[in-house]
Amino acid sequence: MRPQHLIPSIARRCSPRLPILLSPQRRNNSYTVSVDEPSDARPADPPAPRARSAPTPVPDEPTVDEPSLGKSDILLGTEEQALATPGLTFADGHGLRGPTGKGRQTRRMNLYQAIRDALGTALATNPKAIVYGEDVAFGGVFRCTMGLTEEFALTTGKKRVFNTPLTEQGIAGFGIGYASVGGCAIAEIQFGDYIFPAFDQLVNEAAKLHYGSGGAYPLNGGSLTVRAPIMSVGHGGLYHSQSPEGFFLGAAGLKVVIPRSPIQAKGMILAAVRDPNPVIVFEPKILYRAAVEQVPIDDYTLPLGQIDVVRPGTDLTLVSYGTPLYTCLRAIQLLSNPPPSLAALLPAKLRPPNPAPSIQLIDLRTINPLPAAAVSEAVKKTGRVVIVHEAGKQGGVGNDLAGEIGRRAFEYLEAPVGLVSGWDTPVPLTFEKFYQPDVIRVVDKLVETLSY
């Protein structure tokens, strides 16, 4: 049975503060009861009127707010850190010194600004590139295409950045056809929740055309990239907070990538639009404004299909992607320096002054094809692994990856593969925060796996 290490802390956080609710009659009437005849209840004399007074507030217990996503150590806040990003490849071929020999420059961008920068770069460097989708001409719901229409209107008018009807199937089908004649199609699905009408086009057509045509699709220079925001924001509910990435895991021939930050987003989108394989780029929507980094302003790419070791470690491998990576890093930090209220609940070997556990954090970045070999090699070195994602457990990345680790590294495992995920329910509107894997759930699974 799974040890419930942190249930007491949760219980303390949920101490009842609700007043007892009484009916109007019971609030306005008091009663006296005869000692001789308990059933002889009669209204007491009405109390004398008294002056109204404000209720005395109940003082709240002091709490420590969780740091915001924008303050996470995952984000690279300096030019030096940004330019040291592993796998950074500049399109001009001059490396970090740049074409002038004086080095590269960066600019502070949030996620949607970095995406907009990548799309502008793609349009500027490829005359056959187009950006299209619902409402993209005025900037899109999340402003990722803001100003692109005006920027390229001087040379090409509005033909390269344009709106489409509300038809996801048509958006995907149009892109497949455009890539087949050598065009670079960059489509936006306004919300990942609505990608399902395009599922047939993406899985039954785009993913298979290269194989079915004997390598003739797409024509030289042609590509199809589909962008879509996914994951929860805390109030999106059933139709605006889903994580549909697991549905595409069986689509051989289709690449699926999920960037975690502005630097990653720009590099992976530019790599996607130059990849002859169809690529879906799922973007964690809560990070559009929350994640801010110093981003290189020049044209660069990051490799698709490779994991990124965000933090080294030797005792356990923690694997995630997208928004939950920030939760995972916070969980590692809590275990490394637990507050007294948490330390009292930890097993003795995980409490100070014992050394903190050394936990490796891996960003999958690409989930199709799944980088199972690279993750398994990392797990062989630590012997323990926990996987975290926001999508439900059934049919998700975690179960697929756990199976591959079990097949490839079974004899190296010191504990069962741990998994923290969303629940196998629709994303609930009122209880969306309880659907998301939070720090408490991740810490609990890390403690369980380290204590096995």
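Mentor: A residue is called buried when its relative accessible area is under 20%, and exposed when that value is over 50%. Keep in mind as we go that this is a predicted model.

Trainee: Let's start with the whole chain. How much of it is buried?

Mentor: Buried residues make up 48% of the chain's 452 residues. The chain has 16 helices and 18 strands in its secondary structure.

Trainee: What makes strand β15 a mostly covered strand?

Mentor: Strand β15 spans residues 359-363, and five of its five residues are buried. In a regular strand, side chains alternate between the two faces of the sheet, so both faces deserve a look. On one side of β15 sit Ile-359, Leu-361 and Asp-363, on the other Gln-360 and Ile-362, and all of them are buried.

Trainee: On to charges. Why is the contact between Arg-104 and Asp-298 called a salt bridge?

Mentor: Side chains of opposite charge can pair when their charged atoms come close. The cut-off is 4 Å between a side-chain nitrogen of Lys or Arg and a carboxyl oxygen of Asp or Glu. The closest N and O atoms of Arg-104 and Asp-298 are 2.9 Å apart, so the pair qualifies. This pair links distant parts of the chain: Arg-104 is in the loop between β3 and β4, Asp-298 in the loop between β11 and β12, and they are 194 residues apart.

Trainee: Are Arg-104 and Asp-298 buried or partly exposed?

Mentor: Arg-104 has a relative accessible area of 4%, so it is buried. Asp-298 has 26%, which lies between 20% and 50%, so it is partly exposed.

Trainee: How do you know that Asp-275 and Lys-255 form a salt bridge?

Mentor: Their N to O distance is 2.7 Å, and the limit is 4 Å, so the pair counts as a salt bridge. Asp-275, at 10% relative accessibility, is buried.

Trainee: What separates Glu-448 and Lys-445 along helix α16?

Mentor: They are three residues apart in helix α16, so about one helical turn lies between them. Glu-448 has a relative accessible area of 19%, and so counts as buried under the 20% limit. Lys-445 is buried too, at 12%.

Trainee: What makes Ser-421 a buried residue?

Mentor: Its relative accessible area is 3%, which is under 20%, so Ser-421 is buried. Ser-421 is found in strand β18, residues 418-422. Five of the five residues of β18 are buried, so this strand is largely enclosed by the rest of the structure.

Trainee: Which strand does β18 join, and how do they run?

Mentor: Four bridges join β17 to β18, and the two run parallel. Val-388 stands opposite Val-420 in β18.

Trainee: Which residues are in contact with Ser-421, leaving aside its neighbours within four places in sequence?

Mentor: They include His-389, Ala-391, Gly-392 and Tyr-435.

Trainee: Which residues lie nearest the centre of the second largest pocket?

Mentor: Ser-243, Phe-247, Gly-392, Thr-425 and Tyr-435 do, out of 21 lining residues. Strand β17 gives the largest share of that lining, three residues. By class, the lining has nine nonpolar, ten polar and two charged residues. The pocket holds about 350 Å³ of space.

Note on methods
Residues are numbered from 1 along each chain as its sequence is written. This is a predicted model: local features need pLDDT of at least 70, side-chain atom pairs count only at pLDDT 80 or more; totals for chains, interfaces and linings use all residues. Side-chain values use heavy atoms; hydrogens and water are left out. Buried means under 20% relative accessible area, exposed over 50%, partly exposed in between (1.4 Å probe, protein chains only). On a 1 Å grid over the protein atoms alone, a cavity is a set of points where a 1.4 Å probe fits but cannot get out, and a pocket is an open set with protein on both sides within 12 Å along at least five of seven lines; lining residues have an atom within 4 Å of a point. Grid points are joined across faces, edges and corners, and a volume is the space filled by probe spheres set on the points. Ala, Val, Leu, Ile, Met, Phe, Trp, Tyr, Cys and Pro count as nonpolar, Asp, Glu, Lys and Arg as charged, and the others, Gly among them, as polar. Contact means heavy atoms within 4.5 Å. Two strands pair if DSSP finds at least two bridges between them.
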